[in-house]
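Colleague: Could you walk me through this one? I'd like to start with the strands.

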Amino acid sequence: MKTLEMKTLALTGNESGAEAMRQIDPEVVAAYPITPQTELMHKFAEFAADGKVATEMILVESEHSAMSACVGASAAGSRVMTATSSAGLALMWEIVYVAASNRLPIVMPVVNRALSAPINIHCDHADSMGCRDSGWIQLYSEDGQEVYDNIIQAVRIAENDGILLPVMVTFDGFIISHTMARVDVLPDKAVRKFIGERTPLHPLLDVNKPVTYGPLDLQDYYFEHKKQQAEAMRSAGAVIKAVGKEYGELSGREYGFFDEYLTSDADFIILALGSTAGTAKAAADELRSAGEKVGVLKLRVFRPFPAEELAAALAGARAIAVLDRSEGFSGIGGPVFQEVRSALYRRYQIPVSGYVYGLGGRDINVEMIASIYGDLKAGRYHEDKAAHFGVRE
Amino acid sequence: MADKQPKWKDIPIGGVITEAGNAFQYNTGDWRSERPFVDMEKCIHCLQCWVFCPDASVLVENEKMSGFDYVHCKGCGICAHVCPVNAIEMVPEGEADKVAADQWGIKEKKTASESGKEKPAK
């Protein structure tokens, strides 16, 4: 299939997100600045001020208000976006759940940053992993290109009639948000056509069909509404796949639940999210040239968790290392580690070794990842308790 | 009761309510731990109870207090509190059915017991 002619731009991850938002031209954006998301909203606010988008920009006094405004505008029937990081996401917390529970298809880039305290502005995944149970779909991006592609797809996924769940598109603070890279951008018209118009199910502004949002919902109905939400999340996988395929036909870049890099014959697989997957691929390349059968599985969709497909993709490995860029403080290991083990349960007997790394932006490099492959090969596993990798002992 | 209620596939998503006025269908009366009774011999139909009831559960016919809507009354006791002639008594739900059955058995009980508005606590 012939793909469209694309413009190649040099953009930071934040600019890439802003460019996607410009093309989406959401009807309402409510946001509050926080490092490292600031540049994204700065750029988008510039588009709004310059008349490049028709968006109603609502500048609020906090992230709690930002998400509240998004909830109101989305319930009204608008296509709504915001963006945040770290403490901003934490301050939104209550309303993050409200957005998902009210089934409002809000799209929110989250520029991953460590949570306080002590205060730290650099990348880890504690913020978005913290709300893994909030009912939002979560897409993790490796680079600026994926930031752009994921944000555009997120609109279609969120607004799908059978789903109607908000979507978080995450990317690593500073590592991706502030580094410039090549991004192939679709024509504006193609994006507009791909996302189409939002047709809200119960718009609050339809005065001919008045509805109530957020009523009291007690023992006799609440559970039914949670069941609906859980089923929508379960159904989201098929929609994410279908949208990823359609986007592939449009752009030449197809997306699924995860990316498999040299995994088909790999004995040892490292599973990572975000920018670290790129570093892991470089490590795998080096080890492959030395004859080692290693591969990388980059997880893109964390919510819903693609357990069955992931287990099948890992089935041939002798051992797997899971890299978590958040602690989770479960006493066992990070959230990705636990999900992967759970996905393999009773399917395959493969050792899963957990690594918590890169907290507060602590660097991870090719040699470090090569050493993890070395651990797997030597049978040094961290199965019961994840290792804190890269910490000074 | 649960069998009669709609299943998860049959209700609007997100807790959205699409029909107006359906709070009326909601039996908030089963939240009640105390039930108000009115003594019509004492009642002067000033309708203070009607004014203050937060749940519109005081029934009025021909401008006269005629009783309570027990399907919606949550038993807060404001009516009994504001009644200027102490015509309303709050009775624990466990005893309320018996009281209702005995009609004004409540009176005897009140004079026999240590509590009640006529007999302030010592």
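Modeller: Strand 7 (residues 167-172) of chain A is mostly covered, with six of its six residues buried. Buried is taken as 20 or more other C-beta atoms within 10 Å of the residue's own, exposed as 12 or fewer, and partly exposed as in between, with C-beta atoms placed from the backbone. Strands (E, at least two residues) and helices (H or I, at least four) are DSSP runs, numbered from the N terminus. This is a predicted model: local features need pLDDT of at least 70, side-chain atom pairs count only at pLDDT 80 or more, and totals for chains, interfaces and linings use all residues. Residues are numbered from 1 along each chain as its sequence is written, while chains are lettered from A and ligands numbered from 1 in the order in which they are written.

Colleague: Which residues point which way from strand 7 of chain A?

Modeller: Val167(A), Val169(A) and Phe171(A) point one way, Met168(A), Thr170(A) and Asp172(A) the other, and all are buried.

Colleague: What does strand 7 of chain A pair with over six bridges?

Modeller: Strand 5 (residues 107-112) of chain A, in the parallel sense; pairing requires at least two DSSP bridges between two strands. Val110(A) has Thr170(A) as its bridge partner. Strand 6 (residues 137-140) of chain A also runs parallel to strand 7, joined by four bridges, and there Tyr140(A) stands opposite Thr170(A).

Colleague: And what do strand 6, helix 6 and strand 7 of chain A make?

Modeller: A right-handed β-α-β unit, with helix 6 spanning residues 144-159. Right-handed here means that, with the strands pointing away from the viewer, the path from the first strand over the helix to the second runs clockwise.

Colleague: Switching to the open sheet: what is its strand order?

Modeller: The order is 9-11-10-13-14-15 in chain A, six strands with mixed pairing. Strand 9 (258-261) and strand 15 (387-389) of chain A each have a single partner strand, so one side of each is left without a neighbour in the sheet. Strand 9 runs antiparallel to strand 11 (residues 294-299) of chain A, over four bridges, and Tyr261(A) has Val296(A) as its bridge partner.

Colleague: Which strands does helix 10 of chain A lie across?

Modeller: Helix 10 (residues 307-314) lies across strand 9, strand 10 (268-272), strand 11 and strand 13 (319-324) of chain A, at about 5 degrees to strand 9. Contact means C-beta atoms, placed from the backbone, within 7 Å. Axes are lines fitted to C-alpha atoms, for helices over the stretch in contact, and angles run from 0 to 180 degrees between N-to-C directions.

Colleague: Where are the cis peptide bonds at Pro118(A) and Pro304(A)?

Modeller: One joins Ala117(A) and Pro118(A), with omega about -10 degrees, and Pro118(A) lies in the loop between strand 5 and helix 5 (126-130) of chain A. The other runs from Arg303(A) to Pro304(A), omega near -5 degrees, with Pro304(A) in the loop between strand 12 (301-303) and helix 10 of chain A.

Colleague: Ser86(A) has a positive phi. Is Ser86(A) buried or exposed?

Modeller: Ser86(A) counts as buried because it has 30 C-beta neighbours inside 10 Å. Its phi is about 40 degrees, and Ser86(A) lies in helix 4 (residues 86-101) of chain A.

Colleague: What about Glu63(B), buried or exposed?

Modeller: Exposed, with 8 C-beta neighbours inside 10 Å. Glu63(B) has phi near 60 degrees and is found in the loop between strand 2 (58-61) and strand 3 (64-68) of chain B.

Key:
Two residues are in contact if their C-beta atoms, placed from the backbone, lie within 7 Å.
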